Amino acid sequence: MKKYNVGIVGGTGMVGQRFATLLENHPWFTVKVIAASPRSAGKTYEEAVGNRWAMTTPMPESMKNLIVMDATADVEKIAGMVDFVFCAVDMKKDEIRALEERYAKAECPVVSNNSAHRGTPDVPMIIPEINADHAKIIPAQRKRLGTKRGFIAVKSNCSLQSYVPALHPLMDLGITKALACTYQAISGAGKTFDTWPEMVDNVIPYIGGEEEKSEKEPMKIWGTIEGDEIVNATTPSITAQCLRVPVSDGHMAAVFASFEKKIELDEIIARWENFKGRPQELNLPTAPKQFLHYFTEDNRPQTKSERNLENGMAVSIGRLRPDTQYDIKFVCLSHNTLRGAAGGAVLVAELLCAEGYID
Ligand SMILES: NC(=O)c1ccc[n+]([C@@H]2O[C@H](COP(=O)([O-])OP(=O)(O)OC[C@H]3O[C@@H](n4cnc5c(N)ncnc54)[C@H](OP(=O)(O)O)[C@@H]3O)[C@@H](O)[C@H]2O)c1
């Protein structure tokens, strides 16, 4: 496989740091550029991050002395130095939209963690095991942008990375409605217990914009390409409540669902255990061997013991049982900064490279 030089735009942030650790020994990708705000530009990566390093493993030696570039002022320079960039920045939505388009128009593909372009009809929002085929929209996007190789691909919000994968193998049963209550870790807000002491021994029943994303984004993921755009699915109807809980990493969801067709619980579990997607077929470096794991114990999955399953890239499911108001209920869990953010984006990039969209 070809080797790719990559940049991390927003490399000093929480998700950016995850990218750095995940890419340290990546077999295909080498980090050549780290970019962030003008506050960090010109400093070494180590100086720019300072005491904000939030990973449990140390900062990669190979990146410590990279001089952080200015994510907005140096776009063309960065585009000339790398084959593509990962992007995870904390800026206003319209600024992020414009910034990502600047990279794409400079012929530098962007694999983004930001929400700014998730609603753009010709930008694929990919969970590689579920809708790898949405990459086929990229030529239409290139036509609109007037580019030869530049494009933007995004990953979806971290809140839905457990229940959309769990519902996906059941879609042919005609899911009429689904309800998800999420219990989300503080790293999803770019925070630790040191930087957000209010979260110790506390639950905050509001995460701005999260419920809307949790209900709407699955419709694009399950959508279909029609002409030059992805047309959203209209079913299933999803309702969500998202709570912030005192957990460092790992988003749990309690899910209820009803179907048009009847199915035995054993068959649902078999579908989960046998489910494979394009990353497993292609044997991509970051792909979990098994995407969906079902736990039979009553008290699992637990955030602490299961979040790092298959390097934080698998989804853990448990407590499947009948419900009195919906057909079934179950719980599921995914790691929000691995599968839900940087790891999910690395897997999207591997898919796009393996399928020939990034040369
Ligand atoms: N945390 C998660 O689990 C998660 C999951 C999915 C998606 N996301 C999304 O990923 C993005 C980053 O999240 P995060 O948690 O990593 O945030 P974060 O820790 O606050 O990091 C923000 C990054 O953006 C950079 N930045 C801020 N203002 C900038 C500017 N004007 N120009 C260029 N760079 C600028 C920062 O650089 P400086 O260090 O120089 O300030 C830093 O590198 C957000 O859009 C978030 O919604 C996060």
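**View A. Residues that bring helix H1 and helix H14 together.** In H1, Val15, Arg18, Phe19 and Leu22 meet Leu338, Ala341, Ala342, Gly343 and Val346 of H14, where two residues are in contact if their C-beta atoms, placed from the backbone, lie within 7 Å. By class, this contact holds seven nonpolar, one polar and one charged residues (Ala, Val, Leu, Ile, Met, Phe, Trp, Tyr, Cys and Pro count as nonpolar, Asp, Glu, Lys and Arg as charged, and the others, Gly among them, as polar). The model is a predicted one, in which local features need pLDDT of at least 70 and side-chain atom pairs count only at pLDDT 80 or more, while totals for chains, interfaces and linings use all residues. Residues are numbered from 1 along each chain as its sequence is written.

**View B. The crossing of H1 and H14.** The axes of H1 (residues 14–23) and H14 (residues 338–354) come within 9 Å and cross at roughly 50°, and the two helices are therefore oblique to each other (angles under 35 degrees count as roughly parallel, over 145 as roughly antiparallel, 65 to 115 as roughly perpendicular and the rest as oblique).

**View C. Where domain 1 touches domain 2.** Domain 1 comprises 4–157 + 341–354 and domain 2 comprises 159–335, with bounds that come from an automatic or database domain assignment. Between them, 32 residues of domain 1 are in contact with 29 residues of domain 2. On the side of domain 1 that touches domain 2, the largest share, seven residues, comes from H14, and the residues of that side divide into 17 nonpolar, nine polar and six charged.

Terms used:
Axes are lines fitted to C-alpha atoms, for helices over the stretch in contact, and angles run from 0 to 180 degrees between N-to-C directions. Helices (H or I, at least four residues) and strands (E, at least two) are DSSP runs, numbered from the N terminus.
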